[in-house]
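Welcome! Have a look at the sequence and the 3D view below, and keep both at hand while you read this briefing.

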Amino acid sequence: MSLWRPMRMSTRSIFSAVLTATILGTACLPASAGVIEERKANFKANNASMRAIGGALGEGDFATVTAEAQKIADWAAVMPDYFPEGSDTGDTSARASIWENFEGFTAAAKANHNAALTLLVAAEAGDIDAAKAALGEVGGTCKACHQQFKGW
């Protein structure tokens with residue numbers, strides 16, 4: 001069974017792509033508090049998705065797991081775009097290590113994306129054991145990234 005699957009373009013994905021293009025188009029301007037607020041909102045939504053998945057797995061609700069895993073994958077795919085140069089100051093708990101090691105940060109986001117896709121495949125297959133293991137993997141990628149790149 002191949003873990004590769006074409007990416008679905010959700011409304012959120014399209015919005016993220018437009019927002020990313022806007023951010024990149026204004027890269028010469030100082031980063032505004034807007035991008036910081038946007039990324040905070042996305043991380044909060046990501047946390048809500050993780051909680052929803054945990055509850056849904058307990059009930060065998062694979063439709064919810066699939067939908068929420070897709071949201072996590074969509075966010076992970078664009079996450080680095082929400083950390084442009086200059087967005088390291090203000091109301092943020094992002095560590096300077098993000099910009100000092102942006103390649104490592106991007107790799108961490110990619111690991112989260114891949115783990116979310118693994119969870120998505122397991123949920124679509126209705127495999128509870130694989131889905132639980134994959135949820136643990138997703139959580140592990142979150143924790144690893146936070147330890148390296150987020151200030152508490």
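Which residues do ring pairs link into a cluster? Ring pairs join Phe43, Trp75, Tyr82, Phe83, Trp99, Phe102, Phe105 and Phe149 into a cluster. Please keep in mind that this is a predicted model, where local features need pLDDT of at least 70 and side-chain atom pairs count only at pLDDT 80 or more, while totals for chains, interfaces and linings use all residues. Residues are numbered from 1 along each chain as its sequence is written, and side-chain values use heavy atoms, with hydrogens and water left out.

**The overall fold**

- The protein chain has 6 helices and 0 strands, where helices (H or I, at least four residues) and strands (E, at least two) are DSSP runs, numbered from the N terminus.
- Along the sequence, this gives the pattern α-α-α-α-α-α.
- Of the chain's 152 residues, 38% count as buried; buried means under 20% relative accessible area, exposed over 50%, and partly exposed in between (1.4 Å probe, protein chains only).
- Take the contacts (heavy atoms within 4.5 Å) between residues at least 6 apart in sequence: 74% of them join residues at least 24 apart.

**The aromatic rings**

- The structure holds 7 aromatic pairs.
- Rings of Phe, Tyr and Trp (its six-membered ring) pair if their centres lie within 6.5 Å; planes under 30 degrees apart count as stacked, over 60 as edge-to-face and the rest as tilted.
- Why is the pair of Phe83 and Trp99 tilted? The ring centres of Phe83 and Trp99 are 6.0 Å apart and their planes stand at 55°, so this pair is tilted.
- The pair links distant parts of the chain, 16 residues apart: Phe83 is in the loop between helix 3 (62–78) and helix 4 (97–100), and Trp99 is in helix 4.
- Phe83 counts as buried because its relative accessibility is 4%, and Trp99 counts as buried at 13%.

**The nonpolar cores**

- A nonpolar core is a set of buried Ala, Val, Leu, Ile, Met, Phe, Trp, Tyr and Cys residues joined through side-chain atoms within 4.5 Å.
- The largest core has 19 residues, and those with the most contacts inside it are Ile53, Leu57, Val65, Ile72, Leu119, Leu135 and Val138.
- Helix 2, helix 3, helix 5 and helix 6 each give two or more residues to this core, and helix 5 provides the largest share, with 7 residues.
- Leaving aside its neighbours within four places in sequence, Leu119 is in contact with Ile53, Val65, Ala69, Ala131, Ala134, Leu135 and Val138.
- Another core lies apart from the largest one; it has 15 residues, including Tyr82, Ala94, Ile98 and Phe105.

**The largest pocket**

- The largest pocket holds about 550 Å³ of space.
- On a 1 Å grid over the protein atoms alone, a pocket is an open set of points where a 1.4 Å probe fits, with protein on both sides within 12 Å along at least five of seven lines; lining residues have an atom within 4 Å of a point.
- Grid points are joined across faces, edges and corners, and the volume is the space filled by probe spheres set on the points.
- The lining has 24 residues, of which Arg39, Phe43, Lys44, His146 and Lys150 lie nearest the pocket's centre.
- Two or more lining residues come from each of helix 2 (33–59), helix 5 (102–125) and helix 6 (128–149), and helix 2 gives the most, with 7 residues.
- By class, the lining has 12 nonpolar, 8 polar and 4 charged residues; Ala, Val, Leu, Ile, Met, Phe, Trp, Tyr, Cys and Pro count as nonpolar, Asp, Glu, Lys and Arg as charged, and the others, Gly among them, as polar.

- Ala33 lies in helix 2 and counts as exposed because its relative accessibility is 51%.
- Thr89 sits in the loop between helix 3 and helix 4 and, at 53% relative accessibility, counts as exposed.
- Thr89 and Ala33 are 56 residues apart in sequence and 8.8 Å apart in space, C-alpha to C-alpha.
- Thr92 is in the loop between helix 3 and helix 4 and counts as partly exposed at 23% relative accessibility.
- Leaving aside its neighbours within four places in sequence, Thr92 is in contact with Ile36, Arg39 and Ser87.
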